[in-house]
Amino acid sequence: MPSEEDNLSALSPRDRQVLKEISEGQSNPKKIAEKLEIKEVSVISSAEGLAEKGLIRLDKKVEEVYALTEEGARYAEIGLPERRILEIAGADGVPISKIEDPSLKVGIGWLKKKSWAAVEAGKIKPTGEAPPGKDEEILEALHFQGQTGASAFDPEALKVLKSRGLVEPSTCKSWCFEITDAGRSFFRRSVEDSVTFRWDSISYINQITSDMIKNGNWGGKDVYYKGARHEVRPYDVTLTAERIYPGKMHPYQRLLSWMREIMLEMGFTEIKGEIVQPSYWNFDALFQPQDHPAREMQDTFYLDTKADIPDYATVKEMHERGGEVGSTGWGGTWDPEVARKEVLRTHTTSVTIKYLADHPNPPVKAFSIDRVYRREAIDPTHTPEFEQLEGVIMDENLSFANLLGVLKEFYAKMGFDEVRFRPGYFPYTEPSVEPEVYIEGLGWVELGGAGVFRREVTAPFGIDHPVLAWGLGVGRLAMLRLGLKDLRLLYQSDVGWLRDVPLSTRM
Amino acid sequence: MAEGCAPLHEDVIVVSVVRLYYEDLEEMVGASREVIMARIAMMGADIGKSNEEDYVDVEFFPDRPDLYSSEGVARALQGFLDIKVGLPEYQVHPGEVTLKVDSSVESVRPLIGCAVVKDLEFSDPAIESLMDLQEDLHWGLGRNRRKVAIGVHDISRVVPPFTYFAADPSFEFVPLDFDESLSMRDILKRHPKGIGYASILEGFDRYPLITDANGDVLSFPPIINGELTRVVDDTRDLFIDVTGTDPVVYKALNIVVTALAERGGRVESVQVKRPEGDLTFPDLSPARWKVEVEDANRLIGFNLSPEDLAICLERMRFGAQVQGRGLEVLVPPYRADIMHTWDIFEDAAKGYGYDKLVPTLPKTVTVGEPHPFEIRKSDLREIMVGLGYLETMPFTLTSEKTNFVKMRRSVQDQEVTRVLHPISELHTMVRTSILPSILEIFAINQHHPLPQRIFALGDVLARGKTRQDLAAASIHSGADFAEVRSVVDALFRELSIEPEIVASEDGAFLEGRRADLMVNGKKVGSFGEFHPQVLRSFGLDQPAVGLELRWDILWPSGRS
């Protein structure tokens, strides 16, 4: 049990100032921070120390607060869809078919629910009754005053707004300080007994100045300076200091950089290409039939533009009749107009095949790590854009067993010593393989895909030697290595997370 | 796990899940479930997570529609487990049924293949398997019925000969699951299947129809069967029609027929009388391929004798006859994936066992070389981190609202790359600038202590071309022009470039506190104090400063 004497010396000047404010009845850290002109976090850290010593009581309150979502903020400005429809409808009403804007259409249901209008014979007829609702009041209040505690509002209306995605809750921590009896008596005694403890003791030096260094007469911790003896006030060196944060590379970028280094070490040349690709490079050059489901617009971001494509005669011939490599081809008619449609690349393979077409002579070892796009709704394990690593080797006399050898080496460098191979399927490789790595606690995890490019893919570009290819979704690896449950955190990062992930995290 | 991250198109492949009942499977294969489950993945399958007592869900790849039924899986497993190897033999008995194809179907749905399968005894798993097979084939091979549609009928309810013709949409019959007669036109409007597949018949003024000798309807392909020929518990004899627009129709027929033959059905032929000549279906004769053993050894990287290669292929249910250094390979009639000899060699590798192949590093010697952009990026990253900035990697998809409107920048139509069918109003285009994403990150991080200083390096798109940008911003109560000016100066000092700094018109920043960066007379970026309206539109209430720099044009050819 430390004596009060210890308590005293352990208090920094800031602690004492904070204790003084609290003893004078100040309970809000923000106000204390403003008065003392220090940071709120500093006040809280002092207060936590004081509370530990039993000098003050510290109450943490967690309150649910609400704020407008982006959509909510918009409606706060322009009005809810149902209100806007009402404005469009006027007193005479309006045919439903006139309400074309999808963001307005959602209002039709609410009009009925709120009995502001009836829908008869395909026409919206206002009932004439549409007083401002509690929901609208809340929107306005949140718009005006920003984040507000839930208790201020009608809970039912709030619930409805939340379900419509117009407001979102979060929790807000607030602090409340109060001096304890021990703190009060400690404080009183320390004032009375100014010999052992003086609040603003001039005999103590806090900050050493340049002048003191040059002109002071220094002993152990004493200095004779400007005609008086001073003591450098000792600190409790075990106390925590204010947190500071270094600038850092993104942890995901560290993983990507590390993988780049592995590829470079293994002798691969890094390649890059355009985000916007004609379907030709993204699909057709890879022998993806033009009616393949993967090409449909529900999986791929198409643009409304068409690109010029190179001389496509050999690709067309391969799709339709199988070229001169003894393939059956897909039959049907290959349409260059379909191949001209531009897409956001769905895989880095579009860049790889173009590079191989430009470099058809062996040996080629190339890799890329870049972002690709899929038409996916965002959820914890899906994002519409993500990174892929892809490597290819083209040389004389390469075999599928060589591919397995490269994969084994690559995964070993990544820290996965146990790798096994299962048959797989990818539209443009044959044979294909799905590598699995053993991860402690998870077992065998499928990580990437690989194969030998089909002859139907390579032959049209005059590539006459086997191309070994493999790819890897890096986001998935990042989730494993960083222990993330939510892929979105990589892209919409929490600054607290970025600050806290140690640089030494083993990737 | 994150499917969205899978490479090589894995997640957009249509994968079919087949439910295998252990008891049924054990009986068909002739092996215990333990033996089966230990090896099935090495045949080419993903085993689902289901821990059910009596069944397991297994995903097979889309190139193997013959594995979309438990019968097909059992057939493959028998080979793979060395229980029954080589080409499966199927007898086609001459049948009595004929089907006449009228030339009117030529434009709408020209191809049809048919078969009769008799003496079936349907157990529950068998019926479930047949229905699933039909659905999976519609989706996988049939491109959602457009290319291939399959009808299965109780043949005892109708009278051959049958006719396949294109009928007027006013023609009426009772469709499956209805108790009233509807015109074909109304079926497309009112029947769930009609609504679902009407688009396939869009633009045609006559619709395909199969009727019997009395004019009773078997099927309205590719939409719906007639109620009349519904398959029920005691159905024993089936008529199968497969219609479509591509010769893959005949593969689909073979897959269905051989699966039923595996269940003990007696297959009978159907005469299809077409204007261009008669054909007899089903054609269950194997396709013949010639392969060189040397080619297989070279591709796979093993060293097999012709006899050993034949054994590997027979294990995958091919027929194989040694002919010198080559093999004649007989491909089973249900295989739809053999386009090239390498497809056969992959099966040989599976038959050999992927786990028995010896991984061998290739001898290819090359020197690795980083892309010049990445070298630059790493320099820029080092400078920004040294200045105390945290790196972020925001999405490149954004909206016009965020990219332009909230930034007080006018929408520059010719610059913008919009996607045709956005999934959300937040992601309608690829960014032309990174700064908006950085302000968005500030917005979601307001509960963390200030100052916050972050940067991002990455792609932006302008006029459909990828560019390289660096953006950085700082937010705290004291953020001002002097701070960002110092950062800009430090950055360019480290890059050994002297930019010209001139007053800017960029609406994102406050007038009088904004500047453009010019290098060689060309604008490469801008910086300044964000306009309070910009800050407010992102929900921020603290001063912030920022800079954005297009750096790929700073150096000719991207190299120093």
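My entries follow, starting with the ground rules.

This is a predicted model, where local features need pLDDT of at least 70, side-chain atom pairs count only at pLDDT 80 or more, and totals for chains, interfaces and linings use all residues. Residues are numbered from 1 along each chain as its sequence is written, while chains are lettered from A and ligands numbered from 1 in the order in which they are written.

**Entry 1: one arginine.** I found A:Arg371 in strand β15 of chain A, residues 364–373 (strands are DSSP runs of E, at least two residues, and helices runs of H or I, at least four, numbered from the N terminus). A:Arg371 is partly exposed because 19 other C-beta atoms lie within 10 Å; 20 or more would be buried, 12 or fewer exposed, with C-beta atoms placed from the backbone. Beyond four places in sequence, I see A:Arg371 in contact with A:Glu385, A:Phe386, A:Glu387, B:Thr396 and B:Asp459 (contact: C-beta atoms, placed from the backbone, within 7 Å).

**Entry 2: chain A against chain B.** Chain A puts 99 residues into the contact and chain B 88. On chain B's side, α10(B) gives the most, 7 residues. I get 48 nonpolar, 23 polar and 17 charged residues for that side of chain B (nonpolar: Ala, Val, Leu, Ile, Met, Phe, Trp, Tyr, Cys, Pro; charged: Asp, Glu, Lys, Arg; polar: the others, Gly among them).

**Entry 3: inside chain B.** Chain B splits into domain 1 (3–80), domain 2 (92–281), domain 3 (287–353) and domain 4 (372–558), with bounds from an automatic or database domain assignment. The contact between domains 1 and 3 of chain B takes 11 residues from domain 1 and 9 residues from domain 3. On the domain 1 side, α3(B) has the largest share, 4 residues.

Conventions: Two residues are in contact if their C-beta atoms, placed from the backbone, lie within 7 Å.
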